[in-house]
Every structure is written in structure tokens, then in C-alpha cells.
Amino acid sequence: MFKKYQIILIVLVLGLSSCIRNSKKPGREYLWDMAHPIAYEAGSVNPIYKDGKTNQLAPEGSIARGKYIYPLSDTEYVKAATAITNPFIFTNDEIQESGKHLYTVNCAVCHGDKGDGQGHLVQINKFPPPPSYLMEPLLSKPDGQRYHSLIYGRNLMGSYASQLNHRERWLVLAYVKSLQGTAQPTASVTQTDSTITK
């Protein structure tokens, strides 16, 4: 019985002595390296790796979580028409809220709020008007080629690959299609009988 109390007393003494917290006398620490790991600073010399750098590149072929790798090169615009398709199904609310917001922030300054190519920069003569989404050839442009244009840019338009992620690009394109769906029929580039000069 006495031996049992001795064991309990020893455990209490060890336990309480290890709980003392003081910067000059921190008490007993077990597995000190785990409590106070010594990490290398990013960019510092690191003797563990062969190249001596702490910051290491990701292994070849690795893909960041959620990252979409576009399979075509910039010269494969024609191929994009059939090779690239929209993998998402958006609700009308997503298109009219998020899609519209993304379009307004990224596209409307040139393409205009209605997609007619009369954005603010066009109105103040900073850029020539881009083609209207409401007329050919953009009216019937395949989705894959539209997406390809967002990835690599087209004519005066730069790439939006870094500004919009995979899902956001398709959301913007869905909103553009909604603009085209609500657009009134517009004059096409083809002359009608009444406009042909005789």
C-alpha cells in the first residue's frame, strides 16, 4: 500500500515539474525538436538538398489541386472548336449574378455592357471597337474557340488565363451567350436586297 502512494507521489512531482512555464526555466521538455522545430527560411541555403536551395520546384508532372491544364497550344485555335467543351452546368442565377459580375469586371470595358463592342475604352477612343457578340462571326463562334481566346488572347485582346480560373472562364462565356440570347436581331455583314446598290 505504501509503495502505491510512492508511485503516485513520484508521478505527481514529475508531472507538476514538467508544467512549469518560465522563459528562464521552462521545465522539462520531452522531444525538444518537435516542440521547437528548426525550419529553414524560404530562400535560405539548405544543405539537405543537392542544389542547396530551400525552395524546391514541384516534381515534374505534378498538378496543383484544382488547377486546370489547357491541352492545346496557342496555334490550335481551329482545333479548339471541337476539342474544347464546357464541362459545367450553371444555373441561371449563377450566370446572371457571378457570370455578369465577372464579365463586367473583365470584359465590359471593351466589349460593352450589352456585348455590342461599345465599351468605355471604345467610347473614349482608346481602342478600336472589338467585334460585337451580337453579330457574326462571334454570334455563332464555337464555345471551344471562345475559351481558346480567353486562354491565349485574340487580336488586340490579351490573355485572361491568369485573371479567370477554369470555372470563371466558362461562367463568363455562359453570360455572353445569355447576352446573345436576349439580343434583338441585328444587321449582319451580308447585304440585303434593299441595300445592294444597282
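This is a predicted model: local features need pLDDT of at least 70, side-chain atom pairs count only at pLDDT 80 or more; totals for chains, interfaces and linings use all residues.

Reader: Let's talk about the nonpolar core. Which residues in the largest one touch the most other members?
Author: Those are Tyr70, Ile84, Tyr103, Tyr147 and Val172, out of 25 residues in that core. The elements giving two or more residues to this core are α4, α7 (143-152) and α8.

Reader: Which element gives the most?
Author: That's α8, with 8 residues in the core.

Reader: You mentioned Tyr70. What is Tyr70 in contact with, beyond its sequence neighbours?
Author: If you skip neighbours within four places in sequence, Tyr70 contacts Ala80, Ile84, Gly144, Tyr147, His148, Ile151 and Tyr152. Tyr70 is also part of an aromatic cluster, together with Tyr68, Tyr147, Tyr152 and Trp170.

Reader: Oh, aromatics! How many aromatic pairs are there in the whole structure?
Author: A search of the whole structure turns up 7. One of them is Phe88 with Phe90: the ring centres are 5.6 Å apart and the planes are at 20°, so this pair is stacked.

Reader: Are those two buried or exposed?
Author: Phe88 is partly exposed, at 27% relative accessible area. Phe90 is buried, at 14%.

Reader: What about Tyr103 and Tyr175, how are their rings arranged?
Author: Their centres are 5.4 Å apart and the planes are at 50°, so that pair counts as tilted. The pair links distant parts of the chain, with Tyr103 in helix α4 (residues 92-106) and Tyr175 in helix α8 (residues 166-182), 72 residues apart.

Reader: Why do Tyr103 and Tyr175 count as buried?
Author: The cut-off for buried is under 20% relative accessible area. Tyr103 counts as buried because its value is 1%, and Tyr175 because its value is 6%.

Reader: Got it. New topic: how big is the largest pocket?
Author: Its volume is about 640 Å³. There are 28 residues lining it, and His111, Pro130, Pro131, Arg154 and Met157 lie nearest its centre.

Reader: Which elements give two or more residues to that lining?
Author: α5 (108-111), α7 and α8 do. α7 gives the most, with 4 residues.

Reader: And Arg154, where does its charged end sit?
Author: It sits over the ring of Tyr77, 3.6 Å from the ring's centre.

Reader: What comes just after α7?
Author: Just after α7 there's Gly153, which takes a positive phi of about 85°.

Reader: Which residues other than glycine have a positive phi?
Author: Asn125 is one of them, with phi near 60°, and Asn155 is another, with phi near 55°. For background, most residues other than glycine have a negative phi.

Reader: Where do those two sit, and are they buried or exposed?
Author: Asn125 is in the loop between α6 and α7, and it counts as exposed at 70% relative accessibility. Asn155 is in the loop between α7 and α8, and it's exposed too, with a relative accessible area of 74%.

Reader: Last one: which peptide bond is cis?
Author: The one from Glu136 to Pro137, with omega near 10°. Pro137 lies in the loop between α6 (120-123) and α7. In general, most peptide bonds are trans.

Conventions. Residues are numbered from 1 along each chain as its sequence is written. Side-chain values use heavy atoms; hydrogens and water are left out. Rings of Phe, Tyr and Trp (its six-membered ring) pair if their centres lie within 6.5 Å; planes under 30 degrees apart count as stacked, over 60 as edge-to-face and the rest as tilted. Buried means under 20% relative accessible area, exposed over 50%, partly exposed in between (1.4 Å probe, protein chains only). A charge sits over a ring if NZ of Lys or CZ of Arg is within 6 Å of the ring centre and within 35 degrees of the ring normal. A nonpolar core is a set of buried Ala, Val, Leu, Ile, Met, Phe, Trp, Tyr and Cys residues joined through side-chain atoms within 4.5 Å. Contact means heavy atoms within 4.5 Å. On a 1 Å grid over the protein atoms alone, a cavity is a set of points where a 1.4 Å probe fits but cannot get out, and a pocket is an open set with protein on both sides within 12 Å along at least five of seven lines; lining residues have an atom within 4 Å of a point. Grid points are joined across faces, edges and corners, and a volume is the space filled by probe spheres set on the points.
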